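Q: I have a structure open and a few things to ask about it. Can we go through them one by one?

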Amino acid sequence: MRFAFKMQWLFAAAMVCLVSTKAHSQNSPLGGQVNGNFQMDAQYYQVDSAIGALPVPEKMLLNSWTNITYTQGNFNAGLRYEAYLNPVAGYDPRYRGNGVPYWFVDYKTGQFQVTAGHIYDQFGSGMVFRTYEEHNLGYDNSLNGVRVKFAPVQGLQLKTLYGVQRFFWDKGKGIVRGVDAEANLNELIKPMGTSELKISIGGSFVSKYQDDELINKTYKDPNKPTEPLILPLNVGAGAMRLNAAYGNLSFAGEYVHKDNDPNDHNGYIYRKGEAILLSLAYSKKGLGAFIQAKRLDNMTFKSQRTGADKYLDINYLPAITKQQTYTLAAMYPYGTIPNSEMGLQGQINYKIKKNTLLGGHFGTDVALNFSLVNAIQTDTLAEIADLSSTAGTLGYESPFFAIGNPKYYRDFVVEIGHRFSKLYKLNFMYMYEGVDPFSVFGHADPYFHSHIVVTDHTFKISNRDALRIEAQGLFTQKDKGSWAYLLAEYSIAPKWFFSLADLYNYGNDYSSERYHYPLAAIAYNNNANRIQVSYGRQREGVVCVGGVCRVVPASSGLMISVTTSF
Amino acid sequence: MKKQIKRLGLGIASISLLIAGSCDRIEPPYVVPAKHVACEAPDFPAIGNTYKRVLLEDFTGHTCTNCPDAAEATHQILMNHADHVVAVAIHANYFAKPLLDPDFTYDFRTPQGEYWYTYFGVATNPIGMINRVTTGGQILYPYSQWENKVTEALAGNPLVEIQIIPQYNPLDDTLCVHTKTTFLGTYSHDLYLSVLLTEDSIVQPQKKGANVVLDYVHNHALRAVLNGNWGTLINYAAPHSNDTFAIESFSEKFSHLNANPMVMKNCHIVAFVFDGETKEVLQVTQVKLID
């Protein structure tokens, strides 16, 4: 079912009338401003059975997105056209098709702002409510409904919204409602206006409604009858947050409490959910540090009780691990486990001053980061021994401070960046990583460790030309063994970019599976336009953004990516 | 302007309070309480020749002017197909509401009828379902199509057979209904049993076109459902053989089944087995409550 409602196509037609034929933003005849952007990712697939790249019947797959927004004074409107014909490998096939799944109109006047249509928004850190779209993950949980923002006085913002969430080309079965209030005390309370202590507080409440359905409590004893569950049709979650800053110190804390929410991600238990996220940071010139702690207990919160799969999240649970960008460091990424997780992350950034022994002529940047993530302790309730599932029970007890098993993830990263001369800069990284593949990826393999070393060299050849070389190694005796990665990028500013890379699984226990994954790319930039063509192999892997992950299958072939904005 | 802002702000605050109050807290044991069955299940006779029967559900109401035509169509279908069709008239929602008009104060509605009206997306009356089968996204059909749909649904052999033995104890007004579902073939989804009480020959006014028929005879009216919106799970998806069966018993005070007094000799027990995933009816049986 597509969002091919008459209203949206009329709306799209109206938007087209306002857009100039030229692909750059400009004033419309009606006096407003039109902006937009376009992205297309297309891939031509070759069969490459060695790496598990399976045949693609269509030969070529394509994803594209076109955003157009129109602004005139206090009025704002926009839409996004999407086409997945058919979706690229690794994208959920339920995206197949094309249409306008996103549109909105927005009007702001004085203290009010009203939005109708598809809404992206967030309350606090997002742990009780966040709707967003992320192309790389194939994720879009926009809320189709209405939002009203009201700022009655300076320093106080109220928000209320309700709607239904996008589910591919259809909508989820649940209705979501939410309200949020945030107060900046320094603006609200006059005496605090000049205080060095900055405080803002916030509170939210979100609830979802879904029709009743038939879920049963079932017993191991076949003679014992099943019992239909009394499902809560309305499920609420409340959150409180505090942000404070004083001098170089800042603190952010948020606590979420979710009411009984039996669903197919928690085994239909009636246990309440709880999340807490605390961050403390220190920052001054040349030195920054932060420490963050998180605990999640039964915090899957979706607008559909069953069949939502990885989608229809009402909330967003931020990752407590650093998102890595180097290829081998990102090979085993950690994604948030919403129902049972407790973790700690810390980082120190320090700039060794220039013109010192260790700082050299230009200074040296040093960063240390660590993450520790475990399950929470869960003590299964005795009554479950007689049941064939946990449905219709409270599930488990969990002492708040008890660290549970399994150990999901560990990492420790040291990064040193040093500019040796105006022409040469080096970034060095060492990372220790420990991961439980079963909990994190669903692979039935034991916990394993790896060491990753990266050297990233940038040579300035001339005012326009630069050469960057990355040499990486991942050393492990588990999973597929050790890997080496070499990348050379040559850029001719501002327009041209060339790269050659090879990823080599030299440490695979099976010599016949020690594959190379070469990849060549050329990119051309012209102002806001970019086109990139690459050819080569891509290994099967996982892409994560902000703790949410997507599996990418192995593939081989030609890839074209075009982006432009206007 | 300040007043308007104040009012709008109050409006938002009110909506916010409503949102904040929107949650259902369920207390243990979290399950629909099992009904205590007051009477022991009897011995069921062996099943004889089995044949497929079809459930025809007609959403209707006493102020629905076209509904008598649908009732007539139902009657014709029952005549055409003898014991192969079981009809249930579900009086629900707008056209079934009791009115201040003294002709239409009677309340035909049931909680399960109201729930199914909403669940199956009924928007107009008369409209009906045949075995709750969805074809091409459509589950509701106008009465002009019921005969064809019934004929389609009668094709094939039944996967289950249902037997019903009702018992009534006049001393304490307890009605017991015992059902035995025998599985005749393999099926890949969970199966559920629903048990209903219908009543014939209810004489109450009915709108018919531009007129009101004061002594209209309402038949097959749904009066009660003994086991909730979605029935009772009787078997998990598994290959079944002929000697597999499920016995379920229900008991209730007869007079508690419906706020309106019912004439027992006009009542039937209807039991149907449906697919828990698709909601499609596999088989239906009807017996008189008392002979």
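Q: Where is A:Tyr268?
A: A:Tyr268 lies in the loop between β18 (249-258) and β19 (273-284) of chain A. Strands here are DSSP runs (E, at least two residues), and helices are runs of H or I of at least four, numbered from the N terminus. The model is predicted: local features need pLDDT of at least 70, side-chain atom pairs count only at pLDDT 80 or more, and totals for chains, interfaces and linings use all residues. Residues are numbered from 1 along each chain as its sequence is written, chains are lettered from A and ligands numbered from 1 in the order written, and side-chain values use heavy atoms, without hydrogens and water.

Q: Is A:Tyr268 buried or exposed?
A: A:Tyr268 counts as buried, at 14% relative accessibility. Buried means under 20% relative accessible area, exposed over 50%, partly exposed in between (1.4 Å probe, protein chains only).

Q: What about its phi?
A: The phi of A:Tyr268 is positive, about 55°, although this residue is not a glycine. Most residues other than glycine have a negative phi.

Q: And where is A:Asn527?
A: A:Asn527 is in the loop between β31 (516-526) and β32 (529-538) of chain A. A:Asn527 counts as exposed, at 78% relative accessibility.

Q: New topic. Which side chains meet in a salt bridge?
A: Those of A:Asp259 and B:Arg25, at 2.8 Å, N to O. The rule asks for a side-chain nitrogen of Lys or Arg within 4 Å of a carboxyl oxygen of Asp or Glu.

Q: How many salt bridges cross the interface of chain A and chain B?
A: The rule finds one.
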